[in-house]
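Hi,

Here is the structure I said I would pass on. Have a look at it first, then read my notes below.

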Amino acid sequence: MPQPIAAVHVIYELQVSPAPSTATFNDVPTSDPGFQYVEALYQSEITAGCGSGNFCPDAPLTRRQMAVFLAKA
């Protein structure tokens, strides 16, 4: 008779594409802690920012906008 599995350990490491050397958005400079992640969203066509070359990182996000992000991801 097979023995039951006592425990399973899953190891996951988030892998994000390397960020470009120049910023796509005027309001997310290369020094921003979220720069690499914002650029990954842009490169994956999950977001195009909020217009006028900006990402608007501190703007509120609606549930509709979040649904679009999640569906595209």
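Before the notes, one term: a polar contact is a pair of N or O atoms within 3.5 Å, where, within protein, one must be able to donate a hydrogen and the other to accept it, and residues adjacent in sequence count only if both atoms are side-chain atoms. You can find one at T47, where a polar atom of the side chain lies 3.1 Å from the backbone nitrogen of G49.

Some ground rules. This is a predicted model, with local features needing pLDDT of at least 70 and side-chain atom pairs counting only at pLDDT 80 or more, while totals for chains, interfaces and linings use all residues. Residues are numbered from 1 along each chain as its sequence is written, and side-chain values use heavy atoms, with hydrogens and water left out.

Now the overall picture. The chain has two helices and zero strands (DSSP runs numbered from the N terminus: H or I of at least four residues for helices, E of at least two for strands). Its radius of gyration is 18 Å, whereas a compact globule of 73 residues would have one near 11 Å (taken over C-alpha atoms; the globule rule is 2.2 Å times the number of residues to the power 0.38). The C-alpha trace spans about 65 × 30 × 20 Å along its principal axes.

F25 and Y42 are edge-to-face, 5.4 Å centre to centre with 80 degrees between the planes. Because F25 sits in the segment before α1 (35–43) and Y42 in helix α1, this pair ties together parts 17 residues apart in sequence. F25 counts as buried at 4% relative accessibility, but Y42 is partly exposed at 33%. F25 also forms a tilted pair with F55, 5.4 Å centre to centre and 50 degrees between the planes. F55 is in the loop between α1 and α2 (63–72), 30 residues from F25. Together, F25, Y42 and F55 make one aromatic cluster.

Back to T47, which is in the loop between α1 and α2. T47 is buried, at 10% relative accessibility. Leaving out residues up to four places away in sequence, T47 touches L41, Y42, F55 and F69 (heavy atoms within 4.5 Å).

Cheers

Note on methods: Phe/Tyr/Trp six-rings, centres within 6.5 Å; stacked < 30°, edge-to-face > 60°. Buried < 20%, exposed > 50% of the residue type's maximum accessible area, 1.4 Å probe, protein only.
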